[in-house]
Amino acid sequence: MAQFRLFLVEDRESDISLLKAAVEKCAPEVPVLTFSTGAKLLDALKSDPNPPGLILLDINSPGASGIEVLRQLRETPAYRLYPTAILSTSNSPADIRQCLEQSCCGYFVKPVEVKVFFEMMDALLRYWRFAWSSSHNGR
């Protein structure tokens, strides 16, 4: 049976470390695969037959923005239904609207407080792991 995996596009090591610490605390069995750019994520998806349980994109990624990567995912039939959410410091209504227009599964603004970030990640992973296990039950 396939395993729930979290794919993260993030270029800042401090944000990667924080997210991995949050996942380790609330869901230690969930592997986190990190990609410094959206292009690296797309390359990895081409060679990986198992879809991720959730993709988290940062809006302000080097190269193509998170919004552009989201658009590419939605335009590619093989990846169109992959759960993809935004995790960003931007709370711009224009950014949020653009992501929702691309069928983003959620838009999460990175909280400043570490405790709140951990709580957010716990809720996010509980939801998506449940959704994933429900859809993969019996496969």
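Reply: Two strands pair if DSSP finds at least two bridges between them. Helices (H or I, at least four residues) and strands (E, at least two) are DSSP runs, numbered from the N terminus. In these terms, Leu-6 has Leu-54 in β3 as its bridge partner. The model is predicted: local features need pLDDT of at least 70, side-chain atom pairs count only at pLDDT 80 or more, and totals for chains, interfaces and linings use all residues. Residues are numbered from 1 along each chain as its sequence is written, and side-chain values use heavy atoms, with hydrogens and water left out.

Me: What order do the five strands of the open sheet have?

Reply: The order is β2-β1-β3-β4-β5, and the pairing is parallel. β2 and β5 stand at the edges with a single partner strand each, so one side of each has no neighbour in the sheet. From one strand to the next, the twist averages 20°; angles run from 0 to 180 degrees between N-to-C directions, and axes are lines fitted to C-alpha atoms, for helices over the stretch in contact.

Me: How many bridges join β1 and β3?

Reply: Four bridges join them, in the parallel sense. Besides the pair already named, Val-9 stands opposite Leu-57 in β3.

Me: And how many bridges does β3 have with β4?

Reply: Strand β3 (residues 54–57) pairs with β4 over three bridges, again parallel. Ile-55 faces Thr-84 of β4 across this pairing. To get from β3 to β4 the chain passes through helix α3 (residues 66–75), and this β-α-β crossover is right-handed. Right-handed here means that, with the strands pointing away from the viewer, the path from the first strand over the helix to the second runs clockwise.

Me: Which strand does β4 join through four bridges?

Reply: That is strand β5 (residues 106–109), which runs parallel to β4. Phe-108 in β5 is the bridge partner of Leu-87.

Me: Why is β4 described as largely enclosed?

Reply: Five of the five residues of β4 (residues 84–88) are buried, so the rest of the structure largely encloses this strand. Buried means under 20% relative accessible area, exposed over 50% and partly exposed in between (1.4 Å probe, protein chains only). Thr-84, Ile-86 and Ser-88 cover one side, Ala-85 and Leu-87 the other, and all are buried. In a regular strand the side chains alternate between the two faces of the sheet. β3 is covered on both faces as well, by Leu-54 and Leu-56 on one side and by Ile-55 and Leu-57 on the other.

Me: Turning to the helices, which strands does helix α1 lie across?

Reply: Helix α1 (residues 13–26) lies across β1, β2, β3 and β4, at about 170° to β2. Helix α2 (residues 38–47) lies across β1, β2 and β3, at about 150° to β1.

Me: Which residues touch the most other members of the largest nonpolar core?

Reply: In this core of 22 residues, they are Leu-6, Leu-19, Val-23, Leu-54, Leu-56, Phe-117 and Met-121. A nonpolar core is a set of buried Ala, Val, Leu, Ile, Met, Phe, Trp, Tyr and Cys residues joined through side-chain atoms within 4.5 Å. Two or more residues come from each of β1, α1, β3, β4 and α5, and α5 gives the most, with eight. Another core, of 19 residues, lies apart from this one and includes Phe-35, Leu-41, Leu-45 and Cys-99.

Me: What is Leu-19 in contact with?

Reply: Leaving aside neighbours within four places in sequence, Leu-19 contacts Leu-6, Leu-8, Val-32, Leu-56, Leu-87, Phe-117 and Met-121. Contact means heavy atoms within 4.5 Å.

Me: How many aromatic pairs are found in the whole structure?

Reply: The search finds four. One of them joins Phe-4 and Trp-132 edge-to-face, at 5.9 Å centre to centre and 85° between the planes. Rings of Phe, Tyr and Trp (its six-membered ring) pair if their centres lie within 6.5 Å; planes under 30 degrees apart count as stacked, over 60 as edge-to-face and the rest as tilted.

Me: Where do Phe-4 and Trp-132 lie?

Reply: Phe-4 lies in the segment before β1 (6–9) and Trp-132 in helix α5 (residues 114–136), so the pair ties together parts 128 residues apart in sequence. Phe-4 is buried at 6% relative accessibility, and Trp-132 is buried at 10%. In a tilted pair, Phe-7 and Phe-35 have ring centres 5.5 Å apart and planes at 55°. Phe-7 lies in strand β1 and Phe-35 in strand β2 (residues 32–35), so this pair ties together parts 28 residues apart in sequence. Phe-7 and Phe-35 are both buried.
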